[in-house]
Amino acid sequence: MGFVNGVLRSVGRKTSEQWHTELEASPATDASLALTTSHPEWVVAAIREALEAHEGGAVTDEQLRDALLADNTPSRPCLAFRRGEAADEPGVSPARWLPSAGIVDSGMPGEIGAVRDGRAIVQDEGSQLVVQALLSVPVTPPESSWLDMCAGPGGKAALLADAALADGVSLLAVELHPHRADLVRRIVGIESVDILTADATTRPWGSRFFDRILVDAPCTGLGALRRRPEARWRREPTDVPILGALQRRLLDVGLSSLRAGGVLGYVTCSPHIAETVDIVDEVLVHHDDVEILDAREYMPGVPDLGPGPHAQLWPHLHGTDAMHLALLRRT
Ligand SMILES: C[S@@+](CC[C@H](N)C(=O)[O-])C[C@H]1O[C@@H](n2cnc3c(N)ncnc32)[C@H](O)[C@@H]1O
């Protein structure tokens, strides 16, 4: 219903003559693409800006249209097989990038044996790629503790927990909302993981420092529109600065809790520049002991991740959500 109302609101803002002029415009305008691809105009503008940054210059109508239309193409559920198990299971086909990622051939994920018995969880391959990237950055041993600052509902925490268990490292998963913290507990399913319901911006872990930190920040979710299509009409441009203030605070606290030599992954499921590159740039002004790593190096075999050092995935290029990853090391 929100989706329909949103479309009607944007159509009703112009007369039919104005729409004709817009739709015939070449190159296509944000307004014409908004109408032909069913997106609010501000979202088209944000995707255009992010895609231009990705390509290092102006993009063609076709490139932008491909990116927008990918939001209208529902994705089949993707599974993450836990503990590094390969996605070799009846009813599951290999995904594109990771051996432990698999696509459900048909039906509901709950019908797959590996999901029923807890060997696999539903998780987009982009989310799996950013966790694997964070885990694969070399950190001088020994490592003793990792932190997930925004853990709910817990997909990434589950993968971190499996690796932490294998490496003999402790994991603290923090989530603001109690019901989402419960989901983390259920999905992770590993007793030794410490799950804390708290506001991560208040540094509830006190003076502890961590070897690896994940900040999977609350964001507009503009990178996951193929899975939550209605979100484009629920979100407002005014959400971006509000979320931005929280994203900056979370990243700042995360960097201050990183031990020297430790690494932090700043992740959003949004390609919006104001939630990605801008946030990292602004926060790094206050952290002259932090260097930015080339995140693309930690997604081996995945092409077309942008000019770096950030890594940007796209549904139309990679078949994943438009996840963004920055990897930061405290020197
Ligand atoms: C993008 S989601 C994280 C997704 C999660 N990492 C996963 O893979 O399932 C962001 C999460 O941060 C939580 N959150 C928002 N503000 C927070 C805060 N101040 N402290 C801790 N968690 C927060 C939200 O409730 C939400 O569950």
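Modeller: A polar contact is a pair of N or O atoms within 3.5 Å; within protein, one atom must be able to donate a hydrogen and the other to accept it, and residues adjacent in sequence count only if both atoms are side-chain atoms. The model is predicted: local features require pLDDT of at least 70 and side-chain atom pairs pLDDT 80 or more, while totals for chains, interfaces and linings use all residues. Residues are numbered from 1 along each chain as its sequence is written, and side-chain values rest on heavy atoms, without hydrogens or water.

In the side chain of glutamate 175, an N or O atom is 2.7 Å from an oxygen atom of the ligand.

Now to the interior. A nonpolar core is a set of buried Ala, Val, Leu, Ile, Met, Phe, Trp, Tyr and Cys residues joined through side-chain atoms within 4.5 Å; buried means under 20% relative accessible area, exposed over 50% and partly exposed in between, with a 1.4 Å probe and protein chains only. The largest such core has 49 residues, and Val188, Met299, Leu325 and Leu327 have the most contacts inside it. Among the elements giving it two or more residues are helix 8 (155-167), strand 6 (170-175), helix 9 (178-188) and strand 12 (324-330); helices (H or I, at least four residues) and strands (E, at least two) are DSSP runs numbered from the N terminus. Helix 8 provides the largest share, seven residues. A second, separate core of 26 residues includes Val174, Val253, Ile279 and Val280. In soluble globular proteins, nonpolar side chains tend to be buried together.

Lastly, the cysteines. The whole structure holds zero disulfides, a disulfide being a pair of cysteine sulfur atoms within 2.5 Å. For cysteine 269, the nearest cysteine sulfur, that of cysteine 219, is 3.6 Å away. Cysteine 269 counts as buried, at 18% relative accessibility.
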